[in-house]
Amino acid sequence: MLSLSSLMGSMKQGPSKDHLGDVGVLHHVSVCFSKKPLGLCPSVQMLDMEFEGMSQETQEAVYTTFQRPVLTRLNTSGLTCVPEANSSTAWLDANLGQFSQFAKYEDLVTFNTEFDGLQVLDQLTLRQLAQLAAAKGALNETMVEEFPNNFPRQESLLNRTKEVIEISLSLLTNGSVSVATWTEVRTLFYFYFLQSKLLPTENTSCPAFQTIVSNGPSILKDREEEVYHHIYSYLTGTQSRPRCYNLSDPLGHGWFTAYLGHYIHLSSVDDIRDFLDYDQQLLQTLASQQDSLQLFSQQDIPRNLMWTLTSALLAETPNITISKLPDKLLCFSPEAPALHSLGEETLWKVIRKLNDNCGPSHRTDTDAWALRAPLPPARQLATLLVGQIQAFNQSTLIALGQQAVGLTKGQIAMLSEEDVAASVEALGKVIGWDQGQVNELVSKLTPEQLLVGKLETLGSLVPGLPTAVFCALSPANATHLARAPTFLRGLQGAPAYLKRVLTDRIVFHALPVTKIVEIVPPELVPLIPSSFLLWDNLTTANLSAITEQPWEPEQASGFFQQGLASSVGSQVARLSASILQGFQCQEVSQLPRAQFSSLVREVQKQKAILNVRQLSCMANLLALHNLTNDFADYPPDLLLFYDLRHVDKAKCREFISRASQGNLTLLSGLSAQKKELLNMSLTCLGNPGTNLSKEDLSSLGGLVCDMEPAVILESDPHILDNLKRCSQLTAGQRDALNALLRSGATWLGAPGSWNLHRLWSLGPLAFYINSSLWKMVNEEVSKDFFRDVVTRYQAGSLPRSLVQSFVDSFLARDLAMSRANQEKGRRCIRGNITAQVIQDELFMVRYNCKQLKFCLGSKVLKANLNPLLQHPLPRECQSVVKGKLSEIYPGGVPENQLKLIASLVYLYSNDEISHWNITSRDTVVYLLGSDVALENQTQAVIKKFLELNGTMTGAMLVAIGGFRLCWMSPRQIEAIRPTELRSAGALDISSCAQERKDDLYEKAKKAFSGSNGSTTYYHYIRPYLGGASVEDLKHLARANISMDIDTFTRLNPEVLQNLSLSNVAKLLGRNVADLRKARSNPAVSSWLQSQNQSALEALGFDRAPEHLHASPATPGKPPSAWVTDKGHNSASLGGHTTLATTSGCCVLAPLHLFNAFGFPMAFILSLKLL
């Protein structure tokens, strides 16, 4: 017989033609050794020494044909190579050596019943580790707890955990180990070293993955989101979805429980739709299964997902009974037919369930009060239930709890004053009243209920109080009331005008700010007139208490005007953002270089928001102090106002990358500066044309907003991120955006694949999607987006103009069909509109304007006017509502309803308004407080108010906005008392016609004539200087006020033309060089054209307004065919023009130029030019 030694000599040569024969001989040798075991141990050692020289195939053959049979037979006879140190490690080395890697873990236990895998963890292969974990009885709980201590190289196991897991999971489904044997102990082993990145996904079997879902919550308590990420990857990791679902498989009927389970609370509507491949029918099937209902009722699922799941359930089982509907799902079931006609006993049982499980009425913490409205569909459901109550009294109102929010204005009108007064404390705990409801409820209160002591209990009813109640309070009572916690929480949801009136009662004359912060709650601090704030006597000891307050910029300007910035010294870091935004140029220019530098850096650190005048001044002071090179440490907004000719060419890309992240709308009134910045940026990038790369787009930021539509189509799709920064898009840009989105070339993919998250990730761009593109989006997704938009609009978080444009586009097809069928039928098809229907966020999708006309009854409209008008109705639908109101109130809309129709006021003529009864300031503010009313309506409303002996107050002027002054007649302006104009503070009247500016300036002169010092007077009169005469401007010039360029560009153009170069230079003082930034302004351009060319050149200006001086950073003119001219000014949808402020100061002209203009040396030195 061939010796083992000679056989190894041939086998170690590797695979050969005789290999199978060698293996056969080896098998016979194994039989021989099993009969004569004494030579086994030396032979094993010999085999181990030859291991490295064998091929893998040969190595495995040696184990299979020689070692395994021998060790099996020897174990039967009790004979093995057992060294004196009887340990599993020594046994493994002596009997198998390196060949042990080919053994199954169960083989090792068979060879040696005393074998302990925990002693040799670092020697086991991945498969052996997996088998150890999966083998029934291999581990007990104690062993598992000791597992990490027994493994000498734990980091090695960490690196191998994923492979161990995948192998062990495969054993669960290939028959080696049944799922039933995968006990809690072995699951714990499975997760012991688990990290999120090691979770198995694509290769895991469905039953094995259920193990992760079912056991994960108890073992990975602190890493739920990480586990869910892998669940999401697993369930979306195949083309065929839903993964692991099979109708013929009983497990399929528990899909939500089996594959989401506890983790469903981390899912979104988008996720669920992705999992089910947008199969709505399958969603309905799965949502209606009993185990799904149990899961939904046990988990804290996001509201919008719970709504979707409940809707799916009701679509599948519309006749489900109340008793079978879990309480949590009941909160989202306004469409459930079973709820539409309840007996009295069942009705109150449902109401109690809703209050216990859905409504926040039992909560009294601040967070609950922060919820300004019940989230859908809570109000809709409450309206449905309350509508089934036949009679109301005190006990009924109290028992309703949070569901009282479903009371319509019509129902409230029928309540007795006694019942309302007796239940006012309970009603004050209800969250989410709309303005119509609180107005009506408060109107039911008795005079005694409006006394100071009773007002404190009103809670959420506070927004319905008329301002006359506050006007009747003494300052002491007003102060006490504002400090009452329940009242203050209710006040948070009140209109700003109501808060301002209360604030005026607390602070009715000038007080030190240290005193003000003691008596005024922080919520009301921003409403204090700046003229009432005394900033003197402020010390570092009380600085913290002052800086913590939420000051408005105009208020905080007093901090700088009093020179307090210099007194802070090195403690500039103690200044808050609200203080820093009061930055004043003239005062800050007195600071030493180091302190000024610290101040600028603190502005960046605190993210303080500054206006154009402040930023331009700050940029000029940086240049004066030679600090411009540190632009990486400054706010991006600040860089927009740099003198771009002096930007280092070598750093131009770094500069524009930071500057382009700023708010470019700040330059809307400085078109020359904006165009120069864009040209410089393009030159720096090598004039890339219309095909901008991802890197180019990253550098250009919001500058892309001023480029032609072709850039959108031809650039890298990441241009979407740039376009999100645009305040508005031109029609051409909107068309290009829609073409780009339709192409599917962006990261969003084709429109048919969009989900809710992707739509919202577009930010404001989603509101530019046109009607044809909306038709390509999944219907359920588009409806969900529409519902979200309406909800956010009603909560006040989206602007009316943006939402109105979106609604018109979204509903374009239905609106067109409505107009086309205007005369084809006069009947209601959709069903009569009820109070509950109006509460539906999809109301406008389900009822077009024609159906609104035929399905809305007068009684329902009268009782639900406010909730109806809370929808962003298209103009055509608004006209329908206006027509119905005219039918209900042929003599004119009553005053209590006028407060609710602000969104319709632009439809009313002067004659119609003349029939209104406007006796309250509150009514004026409600009608004119938004930007809806136009010039005719503004004049008519104020005219009617003044005719009925009304007077305009400072609080009213602030509430309706400065632009409304532009639309008031001279007689109406004359009716404003100077003290009220002073109380109103700085009002923006820049959009006024020149005649009106003249009237307002004369009024302002009287209002601010008593201001101390020229600087203080200029601060107050500045917004009104557009009406100033030549002589008044010359007087200001002599006062050395250094007018900012923003105010200068708003001067009367005719007056400006009558100012000499010397006059202008004196008037602007330090800011004279800022004329260059405003050279495209029509008035400035005209003035420059009229001046002596040589004198202008001495100042560094060319007569041509668009001329750009050569700059190292902009050598040559980039292509201009693809750069738009938009952005010079913008007009609001309300009809008034809004111009961005365009100021600057402290760019210093050479001293000899001022001397050349004949300025006295004392004046030159006063400008601190040296």
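Biologist: What share of the residues of the protein chain count as buried?

Modeller: This is a predicted model. The protein chain has 1170 residues. A residue counts as buried under 20% relative accessible area. The share that counts as buried is 54%.

Biologist: How many helices and how many strands are there in the protein chain?

Modeller: Helices here need at least four residues, and strands at least two. With those cut-offs, the protein chain has four strands and 74 helices.

Biologist: Of the contacts with a separation of 6 or more, what percentage comes from residues 24 or more positions apart?

Modeller: Contact means heavy atoms within 4.5 Å. Take the contacts in the protein chain with a separation of 6 or more. Residues 24 or more positions apart account for 72%.

Biologist: What is the mean pLDDT of the protein chain?

Modeller: pLDDT is the predictor's confidence in each residue, from 0 to 100. In this chain, 79% of the residues reach 70 or more. Mean pLDDT for the chain is 82.

Biologist: Over residues 140-159, how many contacts beyond four places in sequence does the model have?

Modeller: The pLDDT stays under 50 over this stretch. Residues 361-374 also have a pLDDT below 50, with 27 contacts beyond near neighbours in sequence. For residues 140-159, the number is 34.

Biologist: How far apart are the end C-alpha atoms of helix H49?

Modeller: Helix H49 covers residues 779-794, which is 16 residues. At 1.5 Å a residue, it should span 22 Å. The distance in the model agrees with that: 23 Å.

Biologist: Which helices are among those that cover the buried residues of H49?

Modeller: Start with what needs covering. The buried residues of H49 include Val781, Phe785, Phe786, Val789, Val790 and Tyr793. Among the elements over them are helices H14, H17, H47, H48, H50 and H53.

Biologist: At the start of H49, which residue has a side-chain oxygen that reaches the backbone nitrogen of glutamate 780?

Modeller: Look at both ends of the helix. Just after H49, glycine 796 has a positive phi of about 85°. At the start, the oxygen comes to within 2.9 Å of that nitrogen, and it belongs to asparagine 778.

Biologist: How do helices H60 and H61 run, roughly parallel or roughly antiparallel?

Modeller: Their axes come within 10 Å and cross at roughly 180°. Angles over 145 degrees count as roughly antiparallel. Therefore H60 and H61 are roughly antiparallel.

Biologist: Which residues of H61 make the contact with H60?

Modeller: On the H60 side, the contact is made by Arg921, Val924, Leu927 and Leu928. On the H61 side, the residues are Thr938, Val941, Ile942 and Phe945.

Biologist: Is threonine 236 buried or exposed?

Modeller: Threonine 236 sits in the loop between helix H12 and helix H13. Beyond four places in sequence, it touches Arg241, Asp274 and Phe275. Its relative accessibility is 17%, so threonine 236 counts as buried.

Biologist: What is the relative accessible area of glutamine 839?

Modeller: Glutamine 839 lies in the loop between helix H52 and H53. It touches Arg379, Gln380, Thr383 and Pro867, leaving out residues up to four places away in sequence. Glutamine 839 is buried, with a value of 14%.

Biologist: How far is cysteine 705 from glutamine 728 in space, C-alpha to C-alpha?

Modeller: Cysteine 705 is in the loop between helix H43 and helix H44. In sequence, cysteine 705 and glutamine 728 are 23 residues apart. In space, the distance is 8.2 Å.

How values were computed
Residues numbered from 1 in each chain as written. Predicted model: local features only at pLDDT ≥ 70, side-chain atom pairs only at ≥ 80, totals over all residues. Heavy atoms only, no water. Expected span 1.5 Å × (residues − 1). Buried < 20%, exposed > 50% of the residue type's maximum accessible area, 1.4 Å probe, protein only. Polar contact = N/O pair within 3.5 Å; in protein donor to acceptor, adjacent residues only side chain to side chain. Axes fitted to C-alpha atoms, helices over the stretch in contact; angles between N-to-C directions. Parallel < 35°, antiparallel > 145°, perpendicular 65-115°, else oblique.
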